[in-house]
Structure formats: structure tokens, C-alpha cells
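The sequence and structure come first.

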Amino acid sequence: MGSIEEERPLFEQGSVLLQEVKLYAEDGSVDIHGNPPLKQKTGNWKACPFILGNECCERLAYYGIAKNLVTYFTTKLHETNVSAARHVMIWQGTCYITPLIGALIADAYWGRYWTIACFSAIYFTGMATLTLSASFPGLKPAECIGFLCPPATTTQSSVFFVGLYLISLGTGGIKPCVSSFGADQFDDTDPHERPSKTSFFNWFYFSINIGAFVSSTLLVWVQENCGWGLGFLIPTVVMGLSLVSFFCGTPLYRFQKPGGSPVTRVSQVLVAAYRKMSLKFDEEDHTLLFETQDKNSTIPGSRKIEHTYGYKCLDKAAVITEHDVTNGVSPNPWKLCTVTQVEEVKILLRMFPIWVSGIVFTALQSQIYTLFVQQGQSMKHTIGSFEIPPATLGMFDTASVLICIPIYDKVLVPFVRRFTGRAKGFTDLQRMGVGLLVSVLSMAASAIVETKRLRGLGAMNIFWQVPQYFLMGTAEVFFYIGQVEFYYEQSPDAMRSLCSALPLLSTAFGSYLSSLILSLVAYFTTMDGQDGWIPSEDIDKGHLDYFFWLLVCFGCANIPVFVFFSVKHLQKKAA
């Protein structure tokens with residue numbers, strides 16, 4: 001009995017120590033002071049309001065420019081319909097390709113927090129420049145006199161485009177980091193915090209669309225009724241508020257340390273595999289593979305990735321040969337890589353076909369900012385003496401998102417969970433597939449409306465566009481959120497920001513694809529000086545409905561391709 005009593009204090013002390021360890025996040029994150037973060041004082045949902053508030057304000061600022069930009073090009077800079085649509089699509093594409101820059105800087109050098117902070121300053125500078133260009137008479141073209149519309153001078157165009165593309169650079173540092181930074185606030189090793197991550201992605205997209213909703217309604221109305229200077233000033237001020245919101249939450253955040261350049265890690269695997277291209281080895285013999293991971297092989301707190309079959313040529317990068325064995329010296333990473341490094345590259349390759357399918361989805365979705373608006377301008381958009389700006393109809397896209405996210409999170413997921421047994425209800429790939437289908441329905445609705453409008457069955461009211469906007473918003477809830485969560489969950493720990501940039505990159509290429517299709521259609525359907533499907537001035541003389549049906553065909557062709565590669569992805573992952 002005496003020995004038991006003597007041992008009891010040691011046991012109780014061990015319990016206390018164990019409880020103290022569990023008080024801290026165990027996923028490798030740190031607090032603002034570089035110490036292990038206390039769970040009760042950092043991260044989880046308590047840190048999320050500041051991140052979600054930042055994203056809401058930033059998106060309000062972005063959409064305050066993007067939602068009605070095509071109208072500014074045509075009415076203030078006096079561009080043609082095709083030129084205006086092309087400018088908007090190229091700019092939007094750039095806004096979604098610059099995230100590669102921000103992602104690489106965040107993963108390799110600054111971390112997500114400081115990348116967001118620094119690029120937000122660039123963003124704010126661009127907003128201020130754009131506001132000045134729309135406010136001072138010398139920085140914008142004179143108003144039209146009858147049919148005579150003076151074009152913008154070189155100086156006027158330069159100031160406007162400098163501001164516009166500073167915004168694209170700023171958003172490039174913010175977008176790939178904010179969603180990942182928010183997800184970092186939940187400890188993957190904690191079974192109580194882990195399920196909250198899925199809900200975070202839903203409410204993250206919800207906050208985006210709160211900002212977009214205000215832009216589609218209030219800001220569009222201000223721009224067309226109170227002036228573009230004020231219409232651009234408001235989102236500039238809101239962008240400043242997003243910075244304040246972000247910095248206010250600093251003491252509550254959990255931070256993941258940068259883990260080195262993902263480009264370097266991928267390049268090392270490709271170079272090492274190339275050097276051993278002629279090497280023959282038994283894929284079943286795992287003793288030949290380099291398993292040891294030095295301190296630089298992964299980011300702090302990251303997980304080791306086990307070997308999977310497939311891409312045998314890449315496995316050669318991790319095969320140990322007599323030339324790689326050097327006593328007391330770490331192997332040359334450009335000649336011998338760890339299994340984890342090789343598996344990281346495999347993960348990227350397996351995600352690539354899924355990424356390509358997102359390009360076509362974006363080509364369809366981008367029409368809500370361009371041709372949907374131009375279609376609305378040719379419809380009856382007045383209620384009595386009140387004129388409805390056509391770009392305002394974008395609020396129904398946003399309203400659809402705001403309605404569907406709570407229904408999806410609180411109603412649909414629990415219902416589907418009964419049949420699938422999955423905590424998330426649908427898999428990420430199933431969710432994306434539903435989004436692709438609904439996006440096709442949206443384009444089909446727009447084509448039907450345009451067909452009826454061109455037949456001249458009276459002046460069609462602009463509210464006939466509501467179904468196409470609403471369906472596209474529903475498609476976004478399924479596809480975009482599923483896509484963001486898919487890339488975050490599938491990505492290697494050392495490449496979280498880079499992989500979070502992939503859906504943004506698909507958005508960029510989707511905008512470029514849309515611009516290319518638009519240019520090709522305008523070129524090939526314009527004959528002998530006659531108007532083609534998309535006339536430069538009056539779309540009543542064209543066939544915008546044909547263009548919409550063409551996009552329906554692209555969307556329909558994309559669905560079986562997506563299903564095929566989704567199945568292949570699951571098979572390779574299971575192999």
C-alpha cells in the first residue's frame with residue numbers, strides 16, 4: 001500500500017502534464033510570439049470573425065470594381081462592346097493568375113499572414129489610383145456630344161490601367177492565402193476542431209458573397225446615379241477597413257511557418273528523376289526508397305506521406321544508389337529526394353485534370369460580368385421612372401449563394417449524410433460535379449431568354465434574367481466551395497498556399513478562354529462587314545443566343561471529362 005501511495009503523486013503529475021500538452025495546438029502552428037498557441041486563447045472560431053470580416057470587405061472592394069466595369073469601359077472610356085468585354089475578361093484573368101506570385105511568396109518566405117498584409121497595401125494603392133482616375137476631369141475622357149465620343153488619351157488610359165492592375169497584383173497576394181490562413185486556425189490533430197474546417201469553407205464563401213451582394217446593389221446604383229468617382233471611393237474606404245479588421249485579430253491567430261519554395265521541391269524531384277531515367281528497380285521493393293527526412297524536407301509539423309503506386313518514373317528520384325551514399329554527409333537533394341517529396345509531385349499531377357475541368361466552368365461563370373450585363377442593357381430595365389442598372393441583376397447570383405449556403409450546410413448535408421455515411425455528405429468531387437451540371441442549366445436559361453428576346457415578343461423585362469443568375473449562384477455554391485476544400489485537403493502541407501491558388505488559376509484561364517472564344521466567334525461570324533453573333537454596338541443585330549448555346553455545348557462536353565478524371569483520381573489515390 002505504501003508503494004502505491006508513493007507512486008500516486010507521480011501519476012497525478014503525469015496527468016497534469018498530459019493535460020497541459022493538450023492545451024496547445026499540436027499541428028506545428030505558433031502564436032504571434034512564436035510560441036505554441038494556447039487553444040483557449042487562439043485559433044478556432046474565435047479568430048475567424050476577423051478573417052471573414054477582412055474577406056467580406058476585400059471582396060466588396062473587388063466586386064465594387066468588377067461588377068460594373070464593363071459599363072465603365074463602354075460609357076466612360078468609350079470602348080466598343082467586344083473591346084470592353086475583352087478588357088474585363090483579361091483583367092479578371094490576371095486577377096486570378098497573380099495568386100501564383102502570392103502563393104509562392106507565402107509558402108517559401110513570408111508566411112500567409114505577412115503576405116496578406118503586404119499585398120493589401122498594394123491593393124489599397126490601386127484602389128486609390130482608380131478612384132483618382134474616375135474623379136478628376138483631366139484623368140478621364142470628356143463626355144460624348146451626340147454620337148461623337150472622344151477616346152481616352154494615353155495618359156488617361158495609363159493611369160486607369162495602372163490602378164486596375166495594381167488591384168490585380170494586390171488580390172494575387174491575398175486570395176491564395178486568406179482561405180488557407182482561416183483553415184489554419186483549426187487543429188487537424190484535434191477531433192473537436194477538425195470537423196469545423198468544412199463549415200469554415202462554407203461560411204468563408206458566404207462572407208465573400210455578402211460583400212458581392214452589397215456591390216451588386218448599392219455600389220452599382222451609386223456608380224450609375226451618383227457618379228463613378230464616389231462609386232470607386234466607397235470600395236476604396238472599405239478596403240482600408242479590411243486591413244483594420246485583419247490586424248485587429250492578430251493576437252488570436254495561429255501561424256504556420258513557411259517551409260521553403262515549393263517550386264524548388266518540385267524541381268528537385270524532376271531533376272533527380274531525370275538523372276536516374278535509365279535506372280531499373282523493383283517498385284515493390286520499398287527498401288530501395290529513401291525514407292529519411294531531414295529538417296528541411298517538410299515544413300514544421302507536417303505529415304510524412306507514404307509511398308503510393310503510379311508514376312514509376314518519379315519514384316526513381318527516391319531510389320538510393322551507390323552514388324547517393326555518402327558517410328556523414330546529407331545526400332544532394334538534386335540527386336536523391338525523399339518519398340514525401342516524390343509523393344507531393346504525384347499529388348499535384350493527380351489534381352491537374354480536375355483543375356483543367358474548372359477552366360470551362362469559369363468560362364461559363366464569367367459571363368455574369370460581361371454578356372449577361374450587355375444582354376440586360378437591351379432589355380426593359382425600368383420600373384415606372386426608376387431605372388435598374390443591368391449590372392444590379394448580379395445581386396441574384398449573390399442572393400442565390402447567400403440562400404443556398406445555409407441550406408446546404410444545415411439541411412442538405414445532414415440529409416445526404418444519412419445515405420452516404422460521410423460527415424460532409426457529398427465528397428468534394430461529387431459536389432463539384434453537381435456544380436458543373438447546374439452551370440450548364442444557367443447558360444441554357446440565358447440562351448432561351450435571348451432567343452425569345454430576339455424574336456421580338458415585346459420588350460422583355462430584365463427580370464427574365466433572374467433564373468440564369470440564380471442558377472449560376474447555386475452552381476458556385478457546389479463547384480467553387482467544393483473546389484477550394486478539395487485543393488486544401490489534398491494538398492501537401494508544404495504547398496498549401498500554392499494549391500489554394502490552383503482554383504484561382506483555373507479562374508484566370510477560364511477568363512482567358514472566354515475572351516479567346518469571344519474573339520474567335522466575333523472574327524469568324526463577321527462577314528463582308530456585316531455584324532456577327534456579337535456586334536460591336538447593337539446586340540439586337542446579332543445572335544448572342546448562338547454564343548450562349550455554344551457555351552452550353554462546352555459545358556456539356558466538360559461534365560463527362562470531369563467524371564472520367566475524378567474516377568481516375570480516386571483509383572490512383574487508392575493504388
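Which helix gives the largest share of the lining of the second largest cavity? Helix H5 (residues 99-135) does, with 4 residues. Helices here are DSSP runs (H or I, at least four residues), numbered from the N terminus.

The model is predicted: local features need pLDDT of at least 70, side-chain atom pairs count only at pLDDT 80 or more, and totals for chains, interfaces and linings use all residues. Residues are numbered from 1 along each chain as its sequence is written, and side-chain values use heavy atoms, with hydrogens and water left out.

A cavity is a set of points on a 1 Å grid over the protein atoms alone where a 1.4 Å probe fits but cannot get out; lining residues have an atom within 4 Å of a point. Points are joined across faces, edges and corners, and the volume is the space filled by probe spheres set on them. The count comes to 7 cavities of 30 Å³ or more.

| Cavity | Volume | Lining |
|---|---|---|
| Largest | about 470 Å³ | 29 residues |

Tyr96, Lys175, Tyr205, Tyr480 and Leu504 lie nearest the centre of the largest cavity. Elements that give two or more residues to its lining include helix H2 (44-66), helix H6 (154-183) and helix H16 (496-524). H7 gives the most, 6 residues. The lining divides into 14 nonpolar, 10 polar and 5 charged residues.

Ala, Val, Leu, Ile, Met, Phe, Trp, Tyr, Cys and Pro count as nonpolar, Asp, Glu, Lys and Arg as charged, and the others, Gly among them, as polar.

Key
1 Å grid on protein atoms, 1.4 Å probe; cavity = no way out; pocket = protein on both sides within 12 Å on 5 of 7 lines; lining within 4 Å.
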